[in-house]
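Opening the notebook on this model. I'll go through charge pairs, then a sheet, then a surface patch.

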Amino acid sequence: MDYLIAKIKKEKENPYEKLWSGNEEVYKTPDDLNGAIHYEAGRELDDDEWFKIEDFTEQKYCIDILKKEFRTSDYPEANKSKTSTIEYICDYRDNVYYFQRVMKNNLLMQKKITIGDNIYLDNGEKSIVINDLPDAIFIETTNILYFKKLQRIAAIFNGIEELYKEATKEETANFVKNDFIRLGLGYDIDKIKTMNRKRIAMAMDTITSFDEKQCKEVLDYTHKYYPHLEYEEKNGIFTVNNEDEMKYLLWGIEQRYYTTPVTNEDRVANSVSKIK
(Lines give C-alpha, C1' and ligand atoms only; values in the text may rest on other atoms or scores of the structure.)
Protein backbone atom coordinates (compact mmCIF):
# COMPACT_ATOMS: atom_id res chain seq x y z
CA MET A 1 0.00 0.00 0.00
CA ASP A 2 1.24 3.47 -0.90
CA TYR A 3 0.56 6.46 1.34
CA LEU A 4 1.13 9.92 -0.08
CA ILE A 5 1.73 12.66 2.50
CA ALA A 6 1.97 16.41 1.83
CA LYS A 7 4.09 18.87 3.80
CA ILE A 8 2.20 22.17 4.14
CA LYS A 9 4.16 25.42 4.28
CA LYS A 10 4.08 27.45 7.48
CA GLU A 11 2.01 24.86 9.36
CA LYS A 12 3.62 24.18 12.73
CA GLU A 13 1.17 22.05 14.70
CA ASN A 14 0.08 19.70 11.87
CA PRO A 15 2.47 20.25 8.97
CA TYR A 16 1.73 16.89 7.29
CA GLU A 17 -1.57 15.84 5.70
CA LYS A 18 -2.56 12.66 3.87
CA LEU A 19 -3.19 13.23 0.18
CA TRP A 20 -3.88 9.73 -1.07
CA SER A 21 -3.50 6.01 -0.38
CA GLY A 22 -3.85 3.05 -2.72
CA ASN A 23 -2.28 -0.06 -4.18
CA GLU A 24 -0.71 1.70 -7.16
CA GLU A 25 2.98 2.62 -6.91
CA VAL A 26 3.58 6.37 -7.04
CA TYR A 27 7.33 5.86 -7.51
CA LYS A 28 9.47 2.84 -8.29
CA THR A 29 12.73 2.23 -6.47
CA PRO A 30 15.57 2.77 -8.98
CA ASP A 31 17.70 -0.28 -9.67
CA ASP A 32 20.96 1.70 -9.60
CA LEU A 33 21.11 2.62 -5.89
CA ASN A 34 23.67 -0.08 -5.09
CA GLY A 35 26.39 1.96 -6.77
CA ALA A 36 25.61 5.13 -4.82
CA ILE A 37 28.60 7.16 -3.64
CA HIS A 38 29.12 9.18 -0.48
CA TYR A 39 28.33 12.84 -1.08
CA GLU A 40 31.26 14.91 -2.36
CA ALA A 41 30.79 18.61 -3.08
CA GLY A 42 33.06 18.61 -6.12
CA ARG A 43 31.49 15.57 -7.76
CA GLU A 44 28.96 15.71 -10.59
CA LEU A 45 26.97 12.54 -11.06
CA ASP A 46 26.51 10.50 -14.19
CA ASP A 47 22.88 9.81 -15.13
CA ASP A 48 22.90 6.39 -13.45
CA GLU A 49 24.55 7.53 -10.20
CA TRP A 50 23.18 8.65 -6.83
CA PHE A 51 24.72 10.27 -3.77
CA LYS A 52 24.10 8.70 -0.38
CA ILE A 53 24.30 9.72 3.28
CA GLU A 54 24.52 6.85 5.74
CA ASP A 55 23.17 6.83 9.32
CA PHE A 56 20.82 9.54 8.17
CA THR A 57 18.55 9.63 11.22
CA GLU A 58 21.63 10.51 13.28
CA GLN A 59 22.25 13.65 11.23
CA LYS A 60 21.04 16.99 12.59
CA TYR A 61 19.24 17.81 9.35
CA CYS A 62 17.13 14.64 9.42
CA ILE A 63 13.41 15.48 9.68
CA ASP A 64 11.10 14.14 12.42
CA ILE A 65 8.91 12.10 10.08
CA LEU A 66 11.87 9.76 9.48
CA LYS A 67 12.70 9.33 13.16
CA LYS A 68 9.48 7.63 14.17
CA GLU A 69 7.33 4.73 13.07
CA PHE A 70 5.07 5.58 10.13
CA ARG A 71 1.38 5.56 11.14
CA THR A 72 -1.31 6.87 8.83
CA SER A 73 -3.41 7.84 11.84
CA ASP A 74 -0.87 10.61 12.54
CA TYR A 75 -1.90 12.46 9.40
CA PRO A 76 -5.31 14.09 8.84
CA GLU A 77 -6.92 14.11 5.42
CA ALA A 78 -5.60 16.87 3.18
CA ASN A 79 -7.48 20.14 2.91
CA LYS A 80 -7.95 20.98 -0.78
CA SER A 81 -7.72 24.68 -0.05
CA LYS A 82 -4.06 24.20 0.93
CA THR A 83 -2.97 22.59 -2.33
CA SER A 84 -1.07 25.67 -3.48
CA THR A 85 0.89 25.75 -0.20
CA ILE A 86 2.31 22.22 -0.46
CA GLU A 87 6.06 22.37 0.00
CA TYR A 88 6.86 18.76 -0.83
CA ILE A 89 5.23 15.35 -0.98
CA CYS A 90 6.37 12.14 0.66
CA ASP A 91 5.31 8.72 -0.56
CA TYR A 92 5.70 5.82 1.88
CA ARG A 93 5.71 2.16 0.92
CA ASP A 94 7.33 -0.90 2.54
CA ASN A 95 9.78 1.02 4.76
CA VAL A 96 10.86 3.31 1.94
CA TYR A 97 10.17 7.06 1.78
CA TYR A 98 10.18 8.93 -1.55
CA PHE A 99 10.40 12.73 -1.46
CA GLN A 100 9.59 15.26 -4.18
CA ARG A 101 9.59 19.03 -3.92
CA VAL A 102 6.48 20.63 -5.34
CA MET A 103 7.56 23.51 -7.54
CA LYS A 104 5.30 25.87 -9.47
CA ASN A 105 5.66 23.74 -12.61
CA ASN A 106 4.41 20.71 -10.64
CA LEU A 107 1.08 22.40 -9.86
CA LEU A 108 -1.45 22.43 -12.67
CA MET A 109 -4.90 23.94 -12.90
CA GLN A 110 -6.16 24.31 -16.44
CA LYS A 111 -9.04 23.15 -18.59
CA LYS A 112 -8.11 20.15 -20.72
CA ILE A 113 -9.47 17.10 -22.57
CA THR A 114 -8.52 13.88 -20.80
CA ILE A 115 -8.18 10.85 -23.08
CA GLY A 116 -8.40 7.42 -21.49
CA ASP A 117 -11.01 4.65 -21.43
CA ASN A 118 -13.42 7.56 -21.60
CA ILE A 119 -12.78 10.97 -23.15
CA TYR A 120 -14.00 13.84 -21.03
CA LEU A 121 -13.54 17.53 -20.38
CA ASP A 122 -11.56 18.34 -17.24
CA ASN A 123 -12.54 21.82 -16.11
CA GLY A 124 -9.37 22.43 -14.22
CA GLU A 125 -9.12 20.56 -10.95
CA LYS A 126 -5.82 21.24 -9.24
CA SER A 127 -3.28 18.50 -9.82
CA ILE A 128 0.31 17.74 -8.84
CA VAL A 129 2.65 16.40 -11.51
CA ILE A 130 4.63 13.40 -10.21
CA ASN A 131 8.19 13.32 -11.55
CA ASP A 132 9.65 10.11 -12.95
CA LEU A 133 12.30 10.13 -10.22
CA PRO A 134 11.87 11.44 -6.67
CA ASP A 135 14.28 14.07 -5.36
CA ALA A 136 15.31 11.85 -2.45
CA ILE A 137 14.79 8.29 -1.26
CA PHE A 138 15.16 7.15 2.34
CA ILE A 139 15.37 3.43 3.05
CA GLU A 140 14.44 2.80 6.65
CA THR A 141 16.04 -0.63 6.98
CA THR A 142 19.50 0.62 5.99
CA ASN A 143 19.13 4.18 7.34
CA ILE A 144 20.47 5.65 4.08
CA LEU A 145 19.27 8.73 2.20
CA TYR A 146 19.80 8.79 -1.56
CA PHE A 147 19.63 11.88 -3.77
CA LYS A 148 21.03 13.39 -6.95
CA LYS A 149 21.07 17.17 -6.35
CA LEU A 150 21.66 18.75 -2.98
CA GLN A 151 19.94 21.96 -4.09
CA ARG A 152 16.72 20.04 -4.72
CA ILE A 153 16.49 18.62 -1.21
CA ALA A 154 17.76 21.58 0.83
CA ALA A 155 14.19 22.83 1.27
CA ILE A 156 13.14 19.41 2.59
CA PHE A 157 16.04 18.70 4.96
CA ASN A 158 16.75 22.03 6.60
CA GLY A 159 20.48 22.54 7.18
CA ILE A 160 21.72 19.87 4.77
CA GLU A 161 23.13 22.61 2.52
CA GLU A 162 26.07 22.81 4.93
CA LEU A 163 27.47 19.84 3.01
CA TYR A 164 28.06 22.19 0.08
CA LYS A 165 28.11 25.54 1.70
CA GLU A 166 28.51 28.88 0.01
CA ALA A 167 31.17 31.16 1.46
CA THR A 168 29.65 34.09 3.34
CA LYS A 169 30.54 37.64 2.40
CA GLU A 170 32.92 37.78 5.34
CA GLU A 171 34.56 34.48 4.38
CA THR A 172 34.84 35.65 0.78
CA ALA A 173 36.48 38.89 1.93
CA ASN A 174 38.96 36.93 4.07
CA PHE A 175 39.77 34.63 1.16
CA VAL A 176 40.62 37.45 -1.24
CA LYS A 177 42.90 38.94 1.44
CA ASN A 178 45.29 36.04 0.85
CA ASP A 179 48.71 37.19 -0.33
CA PHE A 180 48.39 35.29 -3.62
CA ILE A 181 45.27 37.18 -4.81
CA ARG A 182 44.90 40.72 -6.07
CA LEU A 183 41.52 41.87 -7.36
CA GLY A 184 41.66 43.97 -10.51
CA LEU A 185 39.99 47.34 -10.99
CA GLY A 186 36.23 47.05 -11.26
CA TYR A 187 36.11 43.61 -9.63
CA ASP A 188 35.34 43.30 -5.91
CA ILE A 189 33.74 40.81 -3.52
CA ASP A 190 30.24 42.10 -4.29
CA LYS A 191 30.71 40.83 -7.85
CA ILE A 192 31.65 37.30 -6.75
CA LYS A 193 28.55 35.23 -7.44
CA THR A 194 27.10 32.03 -6.00
CA MET A 195 29.08 29.42 -7.96
CA ASN A 196 32.43 31.03 -7.19
CA ARG A 197 31.45 31.47 -3.54
CA LYS A 198 30.81 27.74 -3.40
CA ARG A 199 34.19 27.12 -5.01
CA ILE A 200 35.77 29.52 -2.51
CA ALA A 201 34.24 27.54 0.38
CA MET A 202 36.03 24.42 -0.88
CA ALA A 203 39.25 26.27 -1.76
CA MET A 204 39.44 27.72 1.76
CA ASP A 205 39.55 24.21 3.22
CA THR A 206 42.18 23.19 0.68
CA ILE A 207 44.47 26.18 1.20
CA THR A 208 44.42 25.87 5.00
CA SER A 209 45.66 22.28 4.66
CA PHE A 210 48.77 23.42 2.69
CA ASP A 211 52.07 24.50 4.13
CA GLU A 212 53.94 27.42 2.54
CA LYS A 213 55.83 25.22 0.07
CA GLN A 214 52.68 23.41 -1.06
CA CYS A 215 50.84 26.71 -1.51
CA LYS A 216 53.60 28.00 -3.82
CA GLU A 217 53.58 24.72 -5.74
CA VAL A 218 49.82 24.85 -6.37
CA LEU A 219 50.08 28.46 -7.58
CA ASP A 220 52.89 27.60 -10.00
CA TYR A 221 50.87 24.59 -11.15
CA THR A 222 47.87 26.83 -11.82
CA HIS A 223 50.02 29.26 -13.82
CA LYS A 224 51.50 26.40 -15.84
CA TYR A 225 48.08 25.10 -16.90
CA TYR A 226 46.37 28.46 -17.25
CA PRO A 227 49.03 31.03 -18.26
CA HIS A 228 46.33 33.46 -19.43
CA LEU A 229 45.88 34.52 -15.80
CA GLU A 230 48.10 37.46 -14.90
CA TYR A 231 50.70 36.05 -12.49
CA GLU A 232 53.74 37.52 -10.76
CA GLU A 233 55.77 34.35 -10.42
CA LYS A 234 58.41 35.89 -8.19
CA ASN A 235 55.87 37.07 -5.63
CA GLY A 236 53.30 34.34 -6.26
CA ILE A 237 50.41 36.76 -6.91
CA PHE A 238 47.50 36.33 -9.33
CA THR A 239 45.54 39.36 -10.49
CA VAL A 240 41.89 38.38 -10.89
CA ASN A 241 39.76 40.71 -12.99
CA ASN A 242 36.42 38.92 -13.38
CA GLU A 243 34.33 35.87 -12.49
CA ASP A 244 35.88 33.62 -15.14
CA GLU A 245 39.40 34.35 -13.95
CA MET A 246 38.35 33.67 -10.36
CA LYS A 247 36.93 30.31 -11.48
CA TYR A 248 40.17 29.39 -13.28
CA LEU A 249 42.21 30.26 -10.18
CA LEU A 250 39.91 28.25 -7.90
CA TRP A 251 40.09 25.26 -10.27
CA GLY A 252 43.86 25.46 -9.92
CA ILE A 253 43.74 25.50 -6.13
CA GLU A 254 41.57 22.38 -6.29
CA GLN A 255 44.14 20.84 -8.71
CA ARG A 256 41.57 20.15 -11.40
CA TYR A 257 43.98 20.65 -14.31
CA TYR A 258 45.71 17.57 -15.69
CA THR A 259 47.48 16.16 -18.74
CA THR A 260 46.30 12.98 -20.41
CA PRO A 261 49.05 10.32 -20.32
CA VAL A 262 48.55 8.99 -23.86
CA THR A 263 47.48 11.94 -26.04
CA ASN A 264 49.24 14.54 -23.87
CA GLU A 265 46.24 16.88 -23.85
CA ASP A 266 45.79 19.50 -21.16
CA ARG A 267 42.33 19.26 -19.64
CA VAL A 268 40.25 20.45 -16.68
CA ALA A 269 38.11 18.10 -14.59
CA ASN A 270 34.58 19.43 -14.29
CA SER A 271 33.89 16.88 -11.56
CA VAL A 272 36.26 15.24 -9.09
CA SER A 273 36.01 12.28 -6.76
CA LYS A 274 38.71 10.72 -4.59
CA ILE A 275 39.75 7.20 -5.50
CA LYS A 276 39.58 5.14 -2.34
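**Salt bridges**

I started with Glu265, which forms a salt bridge with Arg267, the closest N and O atoms being 2.6 Å apart. My cut-off for a salt bridge is a side-chain nitrogen of Lys or Arg within 4 Å of a carboxyl oxygen of Asp or Glu. Before going on, a note on the source: this is a predicted model, where local features need pLDDT of at least 70, side-chain atom pairs count only at pLDDT 80 or more, and totals for chains, interfaces and linings use all residues. Residues are numbered from 1 along each chain as its sequence is written, and side-chain values use heavy atoms, with hydrogens and water left out.

(Buried is under 20% relative accessible area, exposed is over 50%, partly exposed is in between; 1.4 Å probe, protein chains only.)

I also found one network, in which salt bridges that share partners join Asp2, Glu25, Lys28, Asp91 and Arg93. The structure holds 17 salt bridges.

Next I looked up Arg93 with Glu25, a salt bridge whose closest N and O atoms are 3.8 Å apart. Arg93 sits in strand E5 (residues 86-93) and Glu25 in the loop between strand E2 (16-22) and strand E3 (37-38), so the pair ties together parts 68 residues apart in sequence. (Strands, E, at least two residues, and helices, H or I, at least four, are DSSP runs numbered from the N terminus.) Arg93 is buried at 9% relative accessible area, while Glu25 is partly exposed at 43%.

**An open sheet**

I traced three strands forming an open sheet in the order E13-E15-E14, with mixed pairing. (Two strands pair if DSSP finds at least two bridges between them.) Strand E13 (181-183) and strand E14 (230-232) are at the edges with a single partner strand each, so one side of each has no neighbour in the sheet. E14 pairs with strand E15 (residues 237-240) in the antiparallel sense over three bridges. I noted that Glu230 has Thr239 in E15 as its bridge partner.

**Nonpolar patch**

Last, I noted a nonpolar surface patch of about 450 Å², made by Ile113, Ile115, Ile119 and Leu121. (Patch residues have over 30% relative accessible area and no salt bridge; like charges are joined within 9 Å, nonpolar side chains, Val, Leu, Ile, Met, Phe, Trp, Tyr, within 5 Å. Areas are Shrake-Rupley with a 1.4 Å probe; for residues, only the protein chains shown count as cover.) Strand E8 (112-115) and strand E9 (119-122) are the elements giving two or more residues to the patch. Ile115, in strand E8, is exposed at 65% relative accessible area.
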